[in-house]
Amino acid sequence: REPTEPTPAMKLGTAIHTAVLEPDLFDKQYIIAPDVDRRTKEGKAVWQQAVEQADAIGGALISYDDAMLCGRIAQQVREHPMARKVFATGQVERSVYWNDRETGLLCRARPDLMNLPLLVDLKSTDDASPAGFQKSAWNFRYWMQAAWYIDGIEQATGIKPDAFIFAAFEKTAPFACAFYYADELMLEMGRREYRKLLQLLANCIATDTWPGYPAEVRALGVPSWAITAAERAAEGQA
């Protein structure tokens, strides 16, 4: 994979994770960026001083608005009735490695919080309601992540996690949050999917064959939804 620079959204996500999971470190790792006009000589000097201050502590600059957002989200998540149990102790973003028994491949998991027998993952979402987050979990394959982490942590540590918990939070006011766990059906579906993909990767490595899209020229066609829309439009004109 080609190395990529973190996007602004990724940087904000990291800051939110720190505010929620390691609140004591947030003020040590983030410095409020000065509100200056960086087009002016004075503004450039003040900004550069802030950058050097952040570099000196191995931290990063963050805007005032983003810092306030991180604080509001962290407060909402941590005040949830389940938070006291879930965030009581644990290791934050610890990488765990194991060799898959069937393929021999070296694998890794990096839970946001490992508080065995619980695994916790923070998830931002537009809608943290049961129906809304269920849709997000399906679209972003959270079910496969949950199965991968549970199975991998068990193989690496010898301890089978009791649950994979999603701490879902909304990034807009009032920053509502909710906690969900991956049920058995979700885990079974995720397990089947990741096993299929892991075997595909093993085969690609063994044969040095990395298939992409089909090589032949194919008819593109018209998508079914466009046909339906066209038919409805024609009916409306008739």
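I looked for nonpolar surface and found a patch made of Ile32, Tyr64 and Met68, with about 310 Å² of accessible area together. My patch rule takes residues with over 30% relative accessible area and no salt bridge, joining nonpolar side chains within 5 Å and like charges within 9 Å. A salt bridge here is a Lys or Arg side-chain nitrogen within 4 Å of an Asp or Glu carboxyl oxygen. Areas are Shrake-Rupley with a 1.4 Å probe, and for residues only the protein chains shown count as cover.

The model is predicted, so I kept local features at pLDDT of at least 70 and side-chain atom pairs at 80 or more, while totals for chains, interfaces and linings use all residues. Residues are numbered from 1 along each chain as written, and side-chain values use heavy atoms, without hydrogens or water.

I placed Ile32 in strand S1, residues 30-32. Strands are DSSP runs of E, at least two residues; helices are H or I, at least four; both are numbered from the N terminus. Ile32 is partly exposed at 41% relative accessibility. Buried is under 20%, exposed over 50%, partly exposed in between.

Next, how many disulfides (cysteine sulfur pairs within 2.5 Å) does the structure hold? I count zero. For Cys107, the nearest cysteine sulfur is that of Cys204, 15 Å away, too far for a bond. Cys107 is buried at 3%, and Cys204 is buried at 8%.

Last, I checked helix H1, residues 8-21. Its 14 residues reach 20 Å from first C-alpha to last, close to the expected 20 Å. The expected span is 1.5 Å times one less than the residue number. Buried residues of H1 include Leu12, Ala15 and His17.

Note on methods: Disulfide = S-S within 2.5 Å. Buried < 20%, exposed > 50% of the residue type's maximum accessible area, 1.4 Å probe, protein only.
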